[in-house]
Amino acid sequence: MHDQVAARTSGNDSKNMVGPVLKSGDIAEAAIAAVQDDNPAAALIVENHEAYVRIKAEGQCLIRQSTMEHHLGRPFEMAELETVLASFAGQIEATPEYMRFYFDKVF
Amino acid sequence: MDNAPTGSDARTGATLGPLKTWSYLAAQKRRPSEYEIVSVHTLYNNDNAQVPLELAAGVPMNRWYRRYRNESRLRHADWNAFRDPDARVYRSYVAAQDKEEIYVDGLLDQYNALGHDARLAPAWAETLARLYTPLRYLLHAAQMCAAYSVTMAPSSTLANCAVFEMADQFRWVSRVAYRTAELAKAWPGLGFRTGERRRWEEDPAWQPYRMLMEKLLATYDWGESVVALNVVALPAVDAGLRLLADSALEQGDPLTGFLLEAQLKDSARRNRWVRAFMQFAQDQDGSRDAVAEWLAKWQPLGEAAAAAYGEDLPGGAGRAATAIQAMRGLQDTLAAARAAAP
Amino acid sequence: MATLNRADWYDIARDTNWTPRYASVEEIFPDEMSDAFGLTVEQWEAYDEPFKISYREYVAVQSKKDADAYSVKAALARANFFDKAAPGWISILKMHYGAICLAEYIAVLGEAKMARFGKAPGMRNMATFGSLDEMRHTQIQLYFAHENIHKSRQLDWGLKTYHTQNWAGIAGRAMLDDVILGRDAATMSIMLTFALEQGFTNLQFLGLAADAAKMGDYSFSNLISSVQTDEARHAQIGTAALKVLIANGKKAQAQQAVEIAFWRNWRLFFSLTGPAIDYLTPLEHRHQSFKEFVHEFIVAQFERAIEDLGLDRPWYWDFFLDTTNYYQHSGHLELWFLRQTLWWNPAGGVTPAERAWLEEKYPGWNQRWGRLWDVIADNVQHGRQDKLFPATVPMLCNICGLSIGGIPGQGHHVKGHWTDYGERRYYFCSAPCKWIFDIEQQRYAGHKSIVDRLLAGDIQPGTIDGTLEYMGLFPGERGDDADDYAWARSALPPMNDRSAGHADAAAGL
């Protein structure tokens with residue numbers, strides 16, 4: 001089974017966990033850091049599956065372009081996240097400024 | 001043919017050993033290129049002419065393939081033998097187009113920095129609103145027609161050419177949309193962004209092009225569609241774009257001129273495979289007769305379209321006849337069957 | 001990047017519908033090609049693709065992905081992974097390429113059909129990228145498969161499977177043609193991009209990528225996870241379509257389309273990905289069980305997406321969940337028995353350590369499946385060759401093309417499912433497959449499984465060799481046990497004391 005590399009939750013997986021599944025590598029690492037910055041209030045779980053990491057945030061998962069640049073230490077266009085975005089839970093909103101995962105119906 | 005055992009030892013019950021390439025390509029003497037390894041014979045739904053899809057023979061899409069592809073008068077004994085002269089594969093396509101797009105970004109940024117759009121003559125800006133930005137409808141129709149060629153192509157080597165063509169058309173739909181937004185900022189009130197659909201639907205300069213594309217969209221015979229689109233319609237569109245580029249340069253709009261030049265580079269690549277394809281496809285009388293008939297039917301529409309559009313451009317009246325002459329020459333070159341051996 | 005933001009011009013590039021005059025809307029968008037739901041062009045204009053990307057971004061991002069995937073392959077080429085890997089893993093690679101490469105190509109055509117006949121410009125544009133994506137998947141996977149083709153004739157099936165009458169090729173074509181080209185653009189957007197791509201491709205392309213990374217097969221892991229990044233984008237075509245359909249009162253029809261495609265895909269993916277993950281991957285490199293992957297990607301992720309869109313769980317959901325406990329086990333046993341008909345060499349995957357893992361992941365595995373493998377091992381040890389192959393041809397389902405089986409022995413609950421239509425009886429593996437047939441009988445009737453063809457005398461000579469040759473399999477490419485039965489010889493003490501040991505394990509299916 002996978003292990004959790006980061007967690008900010010006391011409870012179990014909720015039904016409203018959303019977020020990306022990313023190919024492992026430097027962009028994924030930066031995204032893990034960015035998710036923690038960009039979703040300060042959300043419960044978070046990051047699962048390590050070696051080839052990929054699954055990031056789960058409760059309710060909504062936001063990743064900002066500027067936060068990615070900060071953690072990567074280089075210019076980063078949001079579209080570049082697609083090079084590692086292998087799957088995701090929830091719906092997606094993809095803009096040049098941020099990528100957002102969310103549900104319409106929250107339980 | 002496709003289901004026959006491969007390798008001469010198959011019939012004798014001897015054990016098949018590994019080959020240096022796909023058994024399908026092993027018979028050819030040359031070592032296959034990357035293009036051949038990844039492009040040839042990747043389409044399976046033309047193996048069974050009577051029941052192309054693994055569903056009941058009578059389902060609508062089986063009928064569609066039989067009627068519009070397999071019974072088309074454009075015939076060849078082995079469509080899989082067709083090769084793209086550019087040997088274009090996916091990875092070389094995206095790499096090459098990434099470079100081209102970087103060039104276009106550079107153009108746009110440079111001219112934007114120079115305040116290019118604001119310095120256009122008002123009359124020319126109006127011309128762009130009327131005769132340039134509505135182009136996205138035409139190009140999108142071409143994108144759709146190329147998509148149809150992809151779904152109907154009898155071999156993967158041919159379908160792949162159509163995939164790139166479809167993508168190229170969308171590339172220029174996007175760039176024209178980009179320019180539309182820029183021009184709308186510099187020239188509010190000329191109908192940029194809001195007026196293109198009405199102009200495409202009503203302006204007399206566009207109507208013959210529109211008729212050409214709408215009739216093409218409703219043409220489902222695969223052979224007729226691919227010939228009319230690539231040998232007639234798109235060269236007719238390019239003739240108009242060349243005239244537009246000439247006018248743009250004359251009217252102090254180098255940006256539009258350079259963008260059109262970049263666009264016509266994609267057309268040049270298309271013309272290379274179309275020429276090779278037409279030579280390849282017309283190796284039997286039936287195909288040649290069909291092509292001749294289709295050209296006779298579509299060429300007048302193409303000419304009328306290029307003429308109506310070209311003559312409406314500033315300075316176009318004097319140049320249109322020569323441009324149409326050149327277009328005919330190109331169409332003849334594209335349509336030519338391979339010369340019979342002496 | 002250029003001066004304007006994408007949002008400043010993006011909507012203009014998808015404002016490309018107009019009112020035709022020289023041909024009718026019906027001529028340009030015939031229902032049979034465009035939209036079985038019968039929505040108008042105007043209704044479709046509410047379509048809003050959620051995963052937006054421009055052409056300029058597309059070629060930049062995709063050339064990056066390709067540069068990465070091809071350079072990892074090149075960097076590892078000298079490591080000769082293929083020569084050193086466990087036989088079971090090599091079998092996975094052969095199975096994967098043979099089952100996947102040309103299936104991707106049908107999706108090139110399917111996406112193009114949406115690019116032509118979708119009534120929403122946003123759908124047409126995203127499907128234009130989708131078609132390019134699928135060309136990438138065809139070509140890059142063929143290229144990777146071809147790298148080792150001189151090492152095994154079985155790798156020829158990367159290009160060959162779908163051109164043959166192999167039963168697996170027939171089953172693959174039947175599923176793909178039913179959910180892709182055999183459908184109008186709107187229905188296809190649900191069946192292909194929502195059910196198949198958002199649902200199932202994750203299992204094969206991320207499940208196996210996880211195992212590949214543990215195996216140290218970084219080239220393959222990187223390849224297939226890179227492929228999946230394209231899927232994540234263009235699979236969203238269906239999400240937006242479902243929203244339009246549901247908003248226009250077409251929920252019931254959309255629901256049915258999801259249910260048909262979901263089931264058809266499940267029937268193929270359990271048989272392909274299930275054995276790969278639960279049996280063929282070397283034990284020490286297994287990341288999760290197949291059931292765990294199914295629960296991660298299908299139950300937690302896809303089922304939640306269904307609910308979020310306002311659809312219901314498929315009517316057979318409880319049954320589906322139950323089958324995640326055993327389909328892959330019966331499928332694996334069956335593939336092993338039918339190994340001569342495959343282009344890869346299935347590994348037994350039932351050494352004592354592997355059995356312990358299976359028992360832990362699937363409590364009751366030994367009771368249900370282990371005892372059958374005991375019998376096989378015993379037959380191997382006693383040289384009963386005739387018992388190591390099926391005594392009869394398995395009965396194949398007339399929808400999914402896979403064998404009609406279930407849990408053997410205790411709890412055996414194979415029920416007969418059939419429909420009489422026209423002059424013959426059609427048999428099915430399960431209630432959902434029968435349900436699919438009954439929705440539109442004339443769509444599937446007349447189709448002959450390989451068994452139907454044998455019985456009808458279409459295959460001559462109807463011998464084993466004749467049938468294998470009909471399926472395109474010649475000596476040198478037919479599958480055999482990946483480990484030359486070593487697992488059976490060494491794994492167990494001889495079982496002389498088992499009087500029932502002579503029972504034919506295949507008959508238990």
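Start in chain A and select β5, β8 and β7: in that order they make an open three-stranded sheet with antiparallel pairing. Strands here are DSSP E runs of at least two residues, helices are H or I runs of at least four, both numbered from the N terminus, and two strands pair when DSSP finds at least two bridges between them. Colour β5 (60-64) and β7 (91-94) of chain A next; these are the edge strands, each pairing on one side only.

Before going on, note that this is a predicted model: local features need pLDDT of at least 70, side-chain atom pairs need 80 or more, and totals for chains, interfaces and linings use all residues. Residues are numbered from 1 along each chain as its sequence is written, chains are lettered from A in the order written, and side-chain values use heavy atoms, without hydrogens or water.

Now zoom in on β5(A) and β8 (residues 98-102) of chain A, where five bridges join the antiparallel pair. Pick A:I63 and you'll find its bridge partner, A:M99, in β8(A).

Next, hop over to chains B and C. Their contact (heavy atoms within 4.5 Å) takes 93 residues from chain B and 89 from chain C. Together they bury about 8400 Å², 63% of it on carbon and sulfur atoms; that is accessible area (1.4 Å probe) lost on being put together, summed over both parts.

Last stop: select C:R56 and B:D98, a salt bridge with its closest N and O atoms 3.3 Å apart. The rule (Lys or Arg side-chain nitrogen within 4 Å of an Asp or Glu carboxyl oxygen) finds five across this interface.

Methods
Buried area = accessible area lost by both parts, 1.4 Å probe.
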